[in-house]
Amino acid sequence: MIIWYFLFYFSLNIIIFASPGDNHYLYRACLNHCKQINCSTSLGLRDFQDKQTFFEYIFQWSCQDECSYECMWKTVDNMQSNGQPVVQFHGKWPFTRFLGIQEPASTLFSILNLLSNYIFGYKVLRHHLKYGVYPLYSMWMIFCFIAMNAWIWSTIFHTRDKPLTEIFDYIGAISLIFSQFACCIIRVSYRTKYIRLAKFVTLFLLMFFIYHAYYLLFIHMDYGYNMTINVIVGVLNVICWLLWSIINFISGKIYVWRCAVSVVLAMIFAALELVDFAPIAWIIDAHSLWHFCTIFLPILWYRFIIDDSRYLLRYIY
Ligand SMILES: *[C@@H]1O[C@H](CO)[C@@H](O)[C@H](O)[C@H]1NC(C)=O
Ligand SMILES: [Zn+2]
């Protein structure tokens with residue numbers, strides 16, 4: 001389990017830091033030429049504006065971005081005709097743009113994750129549970145909003161990969177991991193004498209999250225540090241829910257199987273990113289497959305929340 005996470009960690013490092021494409025002589029020459037000829041002369045700029053589509057305009061593809069995109073494909077064509085393997089550019093595989101969207105598959109699957117959290121999360125919680133009646137109702141609602149927020153930023157990031165959208169995507173992802181872990185700590189100590197300690201730990205996690213987001217945004221976008229925090233809290237989260245599920249399953253609460261299965265599946269899906277490959281048809285890569293797989297997790301996860309809330313209600317009265 002931990003090994004998976006560490007492999008995941010190192011694979012992401014490779015994806016982010018090593019980008020042989022942007023050092024390719026053809027790419028560099030093409031980019032220099034394009035920036036100087038197309039983007040620095042009024043004739044070239046007018047040519048660029050004439051060719052730009054409406055969606056490319058609203059998603060802010062600048063002349064320089066357009067140069068990178070064109071030169072990337074020229075380099076890829078050259079590599080393929082020479083029988084060389086295709087490499088990454090600026091930490092990303094080449095993707096075919098669609099309606100100005102940089103990574104259409106990951107964008108579509110992010111939207112479906114958002115919808116899944118809305119339909120199987122928000123709607124289902126609202127329909128089956130009630131505020132003020134079911135224990136921990138507010139906590140699960142807040143968690144659901146945090147999840148939907150994370151998928152909104154993921155959608156934005158995969159639509160247009162910019163330094164700021166990237167940071168918000170990372171902050172969204174980490175907010176989801178932190179909050180699920182905090183939920184575990186609160187759930188485990190609910191109605192025990194440790195609840196005060198659990199609230200204290202949650203407060204600490206919240207402060208740490210705020211500091212982390214502040215650090216990424218205003219001090220330094222440190223990929224390695226961010227991934228380390230992701231892995232540590234992610235592993236603690238999985239261990240927490242899994243141990244709790246196993247103990248409760250053994251003592252007869254059969255419904256917790258959905259909890260265990262969904263956290264284990266999330267971890268296995270995360271390991272998918274290990275199998276990094278050039279995008280199929282320049283559309284589907286490992287990262288988009290990971291986003292595809294997680295679409296189905298809310299079905300299991302929120303069903304577990306409903307069962308658990310019903311259990312707590314019966315247990316209290
Ligand atoms: C740059 O100019 C060339 C020649 O006119 C054109 O083929 C190319 O598409 C232009 N690139 C951009 C990004 O405008
Ligand atoms: Zn993503």
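Arg97 and Glu66 are both buried, that is, under 20% relative accessible area, with exposed meaning over 50% and partly exposed in between (1.4 Å probe, protein chains only). Their side chains meet in a salt bridge at 3.0 Å, N to O; the term asks for a side-chain nitrogen of Lys or Arg within 4 Å of a carboxyl oxygen of Asp or Glu. Arg97 sits in the loop between H5 and helix H6 (104-128) and Glu66 in helix H5, so the pair ties together parts 31 residues apart in sequence. Helices here are DSSP runs (H or I, at least four residues), numbered from the N terminus.

Before going on: this is a predicted model, where local features need pLDDT of at least 70 and side-chain atom pairs pLDDT 80 or more, while totals for chains, interfaces and linings use all residues. Residues count from 1 along each chain as written, chains are lettered from A and ligands numbered from 1 in written order, and side-chain values use heavy atoms, without hydrogens and water.

Now for Arg258, which forms a salt bridge with Asp307, closest N and O atoms 3.3 Å apart. Arg258 belongs to helix H11 (residues 257-271) and Asp307 to helix H13 (residues 297-316), so this pair links parts 49 residues apart in sequence. Arg258 counts as buried because its relative accessibility is 15%, and Asp307 does so at 12%.

Residues 137-158 are 100% helix, with end C-alpha atoms 32 Å apart.

Notes. Helices (H or I, at least four residues) and strands (E, at least two) are DSSP runs, numbered from the N terminus.
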